[in-house]
Amino acid sequence: MRYLTADYIYPLNEPPIKNGVLQISDAGEVIDIHRDKINFQVEEIEVFKGIICPGFVNTHCHLELSHLKGMIPQRIGLLNFIKHINNRNKFNNGPIQECIHLAEQEMIKNGIVAVGDICNTKATIRQKKKRNLIYYNFIEVFEVNPININSKITQALQIRDEFINSNFKASITPHALYSNHPLLIKKILEVNGSDKDIFSIHNQESDLENQLFELKKGKLFKWLKMINADPDIWNKRAQNLDIINEL
């Protein structure tokens, strides 16, 4: 049994407790939170400066892109950001793996215990096998041309199955409404096919998306037309909220 105290204990379900004592079993489970130290011998208590609180959850992470840290200028707009992300594969695997390791260590240092990680590749499996953190893996797909949907789903299934075979939780998820044909999203729902599969999507990260779906204009609209995206992407969605009908 362990007894831990700090300047404040943050239970989250009630206000912070000043100088409270956290009681933990030998298995690491929280047994109780005591509001004072009167009933304890001083030598029984481990004292920490600062606060003690539950571990943090990083709900949206791109661990496999850690090697791009500091390489993309800020405030360059959505389309320029996408162009920089497209250079993600111009690196050797060695530096990529080292950056993944360092990024995970940074999360641990900052009190993160669980991660919802967006995955386009299998690059993070090696680090995740060390079981330093709990991961849920969102196998992300994007495709704007219906002719390529089956091949994208096949590729995503291969990646998902490799995560599952490594005893990780994983499901396939679309990137965003502007980058996924409506038929692709329906296909994703079909192949997941379980209420336990979690669904994640980038939504309305810039006003360009609203211009695309509501007004059929703007830089994102012009870019999609330039890359020969199927018009059903914007014609069949008057608003981003139409995704609710697809789900």
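Reader: Why is Asp 117 called buried?

Author: Buried means under 20% relative accessible area, exposed over 50%, and partly exposed in between, with a 1.4 Å probe and protein chains only. Asp 117 has a relative accessibility of 0%, so the residue counts as buried. Lys 128, with a relative accessible area of 0%, is therefore buried as well. The model is a predicted one, in which local features need pLDDT of at least 70 and side-chain atom pairs count only at pLDDT 80 or more, while totals for chains, interfaces and linings use all residues. Residues are numbered from 1 along each chain as its sequence is written, and side-chain values use heavy atoms, with hydrogens and water left out.

Reader: What makes Asp 117 and Lys 128 a salt bridge?

Author: The term requires a side-chain nitrogen of Lys or Arg within 4 Å of a carboxyl oxygen of Asp or Glu. The closest N and O atoms of Asp 117 and Lys 128 are 2.7 Å apart, so the pair meets the cut-off. Asp 117 belongs to strand E9 (residues 112-119) and Lys 128 to helix H3 (residues 125-128), eleven residues apart. Helices (H or I, at least four residues) and strands (E, at least two) are DSSP runs, numbered from the N terminus.

Reader: How many salt bridges does the structure hold, and what does the pair of Glu 106 and Lys 69 tie together?

Author: There are seven salt bridges. One of them joins the side chains of Glu 106 and Lys 69 at 3.4 Å, N to O. Glu 106 lies in helix H2 (residues 93-109) and Lys 69 in the loop between strand E8 (56-61) and helix H1 (78-85), so the pair connects parts 37 residues apart in sequence. Glu 106, at a relative accessible area of 42%, is partly exposed, whereas Lys 69, at 65%, is exposed.

Reader: What makes Lys 122 and Glu 162 a link between separate parts of the chain?

Author: Their closest N and O atoms are 3.2 Å apart, in a salt bridge. Because Lys 122 lies in the loop between E9 and H3 and Glu 162 in helix H4 (residues 149-165), the pair ties together parts that are 40 residues apart in sequence. Lys 122 has a relative accessible area of 43% and is therefore partly exposed; Glu 162, at 35%, is partly exposed.

Reader: Why are strands E5 and E6 called edge strands?

Author: The open sheet has four strands in the order E5-E4-E1-E6, with mixed pairing. Strand E5 (30-34) and strand E6 (45-47) each pair on one side only. Two strands pair if DSSP finds at least two bridges between them. Strand E1 (residues 2-5) is joined to E6 by three bridges, and the two run parallel; Tyr 3 has Ile 45 as its bridge partner in E6. Strand E4 (residues 21-24) is joined to E5 by four bridges, and these run antiparallel. Val 21 has His 34 as its bridge partner in E5.
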